[in-house]
Amino acid sequence: MNKPIYMDYAATTYVKPEVLDEMIPYFTEHFGNPSSIYSLSRETKKAIDKARDRVAKAINADSNEIYFTGGGSEADNWALKGIAFAHKNKGNHIITTTIEHHAILHACEYLEKNGFEITYLPVDEYGFIKIEDLEKAISDKTILVSIMFANNEIGTIQPINEIGKLCREKKVLFHTDAVQAVGNVNIDVKEMNIDLLSMAAHKIYGPKGTGALYIKKGVKIDNLVHGGGQERSKRAGTENVAGIVGLGKAIELASENMEAHSKKLTELRDRLIEGLLKIPYSRLNGPVGEKRLPGNANICFRFIEGEAILLLLDHMGICASSGSACTSGSLDPSHVLLAIGLPHEIAHGSLRLSMGDGTTVEDVDYVIETVEKVVSRLRDMSPLWDDFIKKGDK
């Protein structure tokens with residue numbers, strides 16, 4: 001291949017030219033500190049306000065409910081820790097799931113060390129929670145439910161409408177990590193009864209290091225970052241103006257193109273999954289159809305290691321992942337795959353392929369052909385495969 005085939009859009013995306021074009025003046029010409037009062041700074045303040053309006057419109061929020069952060073992980077940490085400490089006099093119980101991103105899970109571990117009780121809801125074989133499990137878990141000490149909108153590894157889209165409705169009925173705050181969902185799924189925070197929502201620019205063709213947290217008006221939350229009075233005294237630190245502008249433009253483009261984007265990726269996803277499942281002893285992880293992220297495919301291949309698959313694919317010009325980008329350097333099997341019931345030996349053989357605007361049918365077909373060759377080669381070298389064939393356990 002003349003250039004790498006990128007199949008890891010769930011990890012990060014490139015910055016679209018239209019986004020970069022809007023960002024560039026705020027590195028050079030319009031460089032003023034938004035907190036200053038002269039005209040140069042007023043220009044940057046206007047740019048931030050415009051971006052805030054764009055983000056709010058994309059999720060049907062009010063502009064004054066959007067707070068910019070340094071990324072999705074910061075937004076997740078702020079939501080959990082900020083709500084926990086602001087409401088500790090009411091209760092100390094938080095509910096989440098076993099398949100959350102580590103930004104949520106590690107924040108929960110921190111809160112457990114500081115006197116909070118965390119309930120980790122199980123999921124079924126496709127990664128869905130059961131609403132009845134959530135209802136049973138809510139107590140008079142529950143102050144927050146945090147359940148991701150769509151899973152970054154297996155693409156499961158949770159029943160957010162039902163979760164939000166239940167939380168509103170129980171008078172419990174509801175946060176969702178929507179980092180993977182924004183730009184791929186229609187989101188309406190009012191209709192879905194969402195109180196807090198996290199997002200990141202670099203998942204939707206914007207810059208890295210920029211995100212946002214939606215906080216419903218009237219929700220009491222402690223600050224995570226202390227210092228100056230930026231973001232209406234909620235999030236200190238001189239604003240990353242260029243990054244914020246990039247997020248605003250990126251989410252506007254994503255919202256305008258969502259229907260066509262989703263249709264294209266769904267067709268490519270289904271073509272990829274169909275082709276890969278023709279490989280013997282493979283299995284799809286996560287749901288099928290509309291309850292799965294459009295560009296997500298996660299397949300396990302028995303008798304081989306995911307890391308070996310990735311190395312050979314990289315050698316053949318394909319960029320892929322074995323799970324979350326934040327833990328892809330780990331040799332441990334994915335906590336998500338273990339949570340849906342896969343044994344360690346099968347979870348180790350996982351491959352996540354995620355597609356985006358740059359993906360073509362030709363890319364998908366090349367990946368199918370190449371993965372088939374790679375799996376065959378690795379199985380030929382695998383003592384597990386050799387034993388399996390000798391025993392005739394087919």
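Buried residues (under 20% relative accessible area, with exposed meaning over 50% and partly exposed in between, for a 1.4 Å probe and protein chains only) make up 57% of the 394 residues in the chain. The model is a predicted one, in which local features need pLDDT of at least 70 and side-chain atom pairs count only at pLDDT 80 or more, while totals for chains, interfaces and linings use all residues. Residues are numbered from 1 along each chain as its sequence is written, and side-chain values use heavy atoms, with hydrogens and water left out.

As for the overall build, the chain has 14 helices and 12 strands, taken as DSSP runs (H or I of at least four residues for helices, E of at least two for strands) and numbered from the N terminus. Its radius of gyration is 22 Å, close to the 21 Å that the globule rule gives for 394 residues, so the chain is as compact as a globular protein of that length; the radius is taken over C-alpha atoms, and the rule is 2.2 Å times the number of residues to the power 0.38. The C-alpha trace spans about 75 × 50 × 35 Å along its principal axes. Of the contacts (heavy atoms within 4.5 Å) with a separation of 6 or more, 74% are between residues 24 or more positions apart.

Now for the inside. Strand β12 (residues 350-354) is largely enclosed by the rest of the structure, because five of its five residues are buried. In a regular strand, side chains alternate between the two faces of the sheet. In β12 both faces are covered, with S350, R352 and S354 buried on one side and L351 and L353 buried on the other. β12 pairs with strand β10 (residues 296-301) in the antiparallel sense over five bridges, where pairing takes at least two bridges found by DSSP. Within this pair, L351 of β12 has I299 opposite.

Helix α10 (residues 306-315) packs its buried residues against β10, β11 (318-319), β12 and α13 (361-380). Those buried residues are G306, I309, L310, L312 and L313. After α10 comes G317, with a positive phi near 85°.

The structure also holds 17 salt bridges, each a side-chain nitrogen of Lys or Arg within 4 Å of a carboxyl oxygen of Asp or Glu. One of them joins the side chains of K16 and D357 at 2.6 Å, N to O. This pair links distant parts of the chain, 341 residues apart: K16 sits in the loop between β1 (5-6) and α1, and D357 in the loop between β12 and α13. K16 is buried at 13% relative accessible area, whereas D357 is partly exposed at 27%.

Another salt bridge runs between R54 and E22, with the closest N and O atoms 3.1 Å apart. R54 lies in helix α2 (residues 39-59) and E22 in helix α1, 32 residues apart. R54 is buried, at 11% relative accessible area, while E22 is partly exposed, at 23%. D365 and R271 form a salt bridge too, their closest N and O atoms being 2.8 Å apart. Salt bridges that share partners join E22, R54, K249 and E252 into one network.
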